[in-house]
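Subject: Structure handover

Hello,

Here is the structure I promised to pass on. Please open it next to this email, and read on once it is loaded.

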Amino acid sequence: MASPEPAPTTIKLTEGSKQYTALWPKKPMGEDNLAASRAGVERISNLVGGPVLPMRRVEDFPLTSLDGTSPISVRAYFPTLLEEDKLDKQKLGVILFSHGGGGMVGSVASYDSLCRQLATTCHMAVVSIDYRLTPEHPYPAALEDMEAAFRFVVTDLITKQYPEVLDAEKVVLMGDSFGGHLAASLLLRLQRKENYMHIVKPKACVLVYPSVDMDNARHPSFSTYANVSHLTPEVIDMFFKAYLHEEDRSSNSSSSSSSSSSSSSSSSSSSSSSSSSSSSNGNGYTKGRFRKELCKDPDVSVLYSSSLHLFPPTLILSAACDPLVKENELFAQRLKEEKVEVRHVIYPEIIHGFFSGYEIFPEAEEALRETGRFLKECLGS
């Protein structure tokens, strides 16, 4: 895959967008350089993530995948802004957050700063999930991990471990990019599982430049902003194929463990784990058939769901110069047609990835505040 071409002169970008694009290596992310790709994302996150805000408590919880075969983990952040005695009077809402990275890169460690900023800005607890990554663990592994995390939050963390601190009536699903896909898909998946929904029903959804259509090559923004940033059509295509390939168990059987970092690991240990997975399998992960028929499955591409009327109030934050911006617009329109309360904010002259780049994107702080305002309106606190 070739490196991104310079952005067309007709497309104006902020200085932060230009700086962010310049940080990415010339060799794009790929299956043939997994360890380097994952380590590169951790490095960039450390550079642009912004302040590591103090928390009242940060706690890691080891979990197990739904099928009981793989270890996963979550990290819970409890903000410090509320006075100690106020916590006894007003419980905290909970944001279940899923990170971006195309399903192939990113981790709890690389999103640590953002989750702290979210907890502080929104005055809510944030639970960040280290789901299993592709190509080692194709669909539906990450989505099932999201469900396992939601199950833990509603049946254990809120009701058993912190019943006096956390509010079961104020649970929010949130994610950026691929994580936005997971958050939206989980919400629809939960609607089919009454054993969860009668306990806790998510009261709001926040999706940051989400991937909602994996058949998105037909959208005009896909070509208009094809080479504006690190998120080129080739990279997007690689992400989708890694996510939707049929697992070749004969060549992949030796790598059944999670490729994402454990809850107690640092970004360096995450990279080390990824390197181990990569070296043991080489280019063998995606030998299985690409399941193109899944591209329009509602669990994969929520844009095609017939159940969008079930969404709670939803905030969509988009970058104007993003290949995904058109599908975000269409998704917002579909939610409106289904009478869902939706707010769609598009930040001009901005590229994909700005939300986790607090250090160089002033718009990241604006988006955090917008999220805080929206959730306060939705949750009444």
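Below are the core, the cavity and some backbone details.

This is a predicted model, in which local features need pLDDT of at least 70, side-chain atom pairs count only at pLDDT 80 or more, and totals for chains, interfaces and linings use all residues. Residues are numbered from 1 along each chain as its sequence is written, and side-chain values use heavy atoms, with hydrogens and water left out.

**Core**

The largest nonpolar core holds 118 residues. (Such a core is a set of buried Ala, Val, Leu, Ile, Met, Phe, Trp, Tyr and Cys residues joined through side-chain atoms within 4.5 Å; buried means under 20% relative accessible area, exposed over 50%, partly exposed in between, with a 1.4 Å probe and protein chains only.) Leu166, Phe311, Phe331, Phe355 and Leu375 have the most contacts inside it. Helix 5 (residues 141-161) gives the most to this core, 11 residues. (Helices, H or I of at least four residues, and strands, E of at least two, are DSSP runs numbered from the N terminus.)

What does Leu375 touch, beyond its neighbours within four places in sequence? Its contacts (heavy atoms within 4.5 Å) are Ile95, Cys122, Met124, Val172, Ala204, Val206 and Gly380.

**Cavity**

The search of the whole structure finds 1 cavity of 30 Å³ or more. (A cavity is a set of points on a 1 Å grid over the protein atoms alone, where a 1.4 Å probe fits but cannot get out; lining residues have an atom within 4 Å of a point. Points are joined across faces, edges and corners, and the volume is the space filled by probe spheres set on them.) The largest cavity has about 390 Å³ of space. Its lining has 29 residues, with Gly100, Gly101, Gly102, Ser177 and His352 nearest the centre. Helix 2 (34-48) and helix 9 (233-244) each supply at least two lining residues. Helix 2 gives the largest share, 4 residues.

**Backbone**

Two cis peptide bonds deserve a look. One runs from Thr134 to Pro135, with omega near 0°. The other runs from Tyr139 to Pro140, with omega near 10°. Pro135 sits in the loop between strand 4 (125-130) and helix 5. Pro140 is also in the loop between strand 4 and helix 5.

His123 has phi near 55°. His123 counts as partly exposed, because its relative accessibility is 39%. Tyr209 has phi of about 30°. Tyr209 is at 1% relative accessibility, so it counts as buried.

Best wishes

Technical notes. On a 1 Å grid over the protein atoms alone, a cavity is a set of points where a 1.4 Å probe fits but cannot get out, and a pocket is an open set with protein on both sides within 12 Å along at least five of seven lines; lining residues have an atom within 4 Å of a point.
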